[in-house]
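Reader: I would like a close look at a single part of this model. Please keep it brisk.

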Amino acid sequence: MFLDSDLLMSALRALTPILLAALGGALCERAGVFNIGLEGMMLMGCFTSVATSWFTGSAWLGVLAAALAAAAYSLILAVGAVTLRGDAVVLGIAMNLLAVGLTGFLLRTVFGVQGTFDDPSLAGLPLLGGFTPLAYLSWAAVAVAALLLSRHVWGLRLRGVGEAPDAAATLGVSPAKYRYGVILLSGVLCGLAGAQLALGNVTLFTENMTAGRGWIAVVAVMLGRAAPLGVLLAALLFGLAEAAGFRLQGLGLPQQATDAAPYVVTLGALFLTTARRRRRPRTTGAVQ
């Protein structure tokens with residue numbers, strides 16, 4: 001049977017890193033910052049979590065280091081787009097490319113290997129009911145984000161910064177502070193996503209191991225209209241596509257075809273999102 005509980009479990013495990021990164025992107029979108037640097041932040045989280053876990057013997061220190069490293073890396077976008085008013089899209093692409101080269105260089109420098117680092121002594125995240133604690137954290141983060149954006153004064157001000165920054169500024173709300181805050185928060189969430197991918201889904205680091213998941217998270221933000229529940233459903237769709245790809249590979253389909261399943265879904269989602277956006281008027285105030 002193709003659709004069964006094992007497929008659902010696999011989809012939920014694939015969901016976690018995409019969901020964490022997409023939540024960070026959604027918060028940035030609500031503040032008027034189009035963050036496409038999620039891929040690079042995730043990749044920095046992957047490498048930092050593995051390196052810290054290997055040197056310290058603690059997976060949780062690896063998770064903490066990943067969150068801090070990705071948050072620090074996100075400052076490139078914060079300073080460039082908010083303070084210097086640069087193009088957020090260009091900065092995000094540059095961050096993604098830099099992360100690929102930097103982590104590949106550090107892999108050879110720190111571990112003396114090329115391609116993949118895998119060591120039996122590398123500590124991975126524990127499993128609770130088949131999932132890591134970061135998976136449960138990602139589900140809880142959806143509820144918290146939804147509550148903050150709809151009920152809490154911080155979330156209402158954040159939405160105001162994204163929709164009408166000049167009006168928010170006249171009321172004493174600093175758009176720059178809110179945008180810095182959500183960009184740093186997105187870095188933390190992407191770092192956790194990278195730690196989940198490198199220490200939860202597997203226990204190793206390989207060059208460019210995010211393999212486009214950050215870009216899929218960007219599409220999840222667009223498809224879910226930057227709403228936490230919508231982002232969850234979009235990320236779940238991509239998680240199901242990835243799990244189905246692995247299942248089809250086990251049934252004998254070529255690996256190249258099954259690996260493409262999440263990205264075929266991504267292209268379809270992009271097409272639908274673009275068509276939908278063309279039917280509605282554009283809004284102003286986003287940092288792009």
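Is helix H2 largely enclosed by the rest of the structure or left open, and how many of its residues are buried?

Author: The model is predicted. In it, 16 of the 19 residues of H2 are buried, so this helix is largely enclosed by the rest of the structure. Buried here means under 20% relative accessible area.

Start with the helix itself. H2 covers residues 38-56. From its first C-alpha to its last, H2 reaches 26 Å. That is close to the 27 Å expected at 1.5 Å a residue. Just after H2 comes Gly57, with a positive phi of about 80 degrees.

Now the packing. Two packed helices are described by the angle between their axes and the distance between the axes. H2 packs with helix H8, residues 175-201, at an angle of about 55 degrees. Their axes lie 7 Å apart. H2 and H8 are therefore oblique to each other. The crossing of H2 past H8 is right-handed.

Which residues make the contact? H2 supplies Leu38, Met41, Met42, Gly45, Cys46, Ser49, Val50 and Ser53. From H8 come Ser186, Gly187, Cys190, Gly191, Ala193, Gly194, Ala195, Leu197, Ala198 and Leu199. By type, the residues of this contact are 11 nonpolar, seven polar and no charged.

Ser186 is touched by Gly24, as is Leu189, leaving aside residues up to four places away in sequence. Gly24 sits in helix H1, residues 5-30. Gly24 is buried, at a relative accessible area of 0%. Gly24 and Val218 are 194 residues apart in sequence, yet 9.6 Å apart in space, C-alpha to C-alpha.

How values were computed: Residues are numbered from 1 along each chain as its sequence is written. This is a predicted model: local features need pLDDT of at least 70, side-chain atom pairs count only at pLDDT 80 or more; totals for chains, interfaces and linings use all residues. Side-chain values use heavy atoms; hydrogens and water are left out. Axes are lines fitted to C-alpha atoms, for helices over the stretch in contact, and angles run from 0 to 180 degrees between N-to-C directions. Helices (H or I, at least four residues) and strands (E, at least two) are DSSP runs, numbered from the N terminus. Angles under 35 degrees count as roughly parallel, over 145 as roughly antiparallel, 65 to 115 as roughly perpendicular and the rest as oblique. A crossing is left-handed if the near helix is turned anticlockwise from the far one by less than a right angle, and right-handed if clockwise. Contact means heavy atoms within 4.5 Å. Ala, Val, Leu, Ile, Met, Phe, Trp, Tyr, Cys and Pro count as nonpolar, Asp, Glu, Lys and Arg as charged, and the others, Gly among them, as polar. The expected span of a helix is 1.5 Å times one less than its number of residues. Buried means under 20% relative accessible area, exposed over 50%, partly exposed in between (1.4 Å probe, protein chains only).
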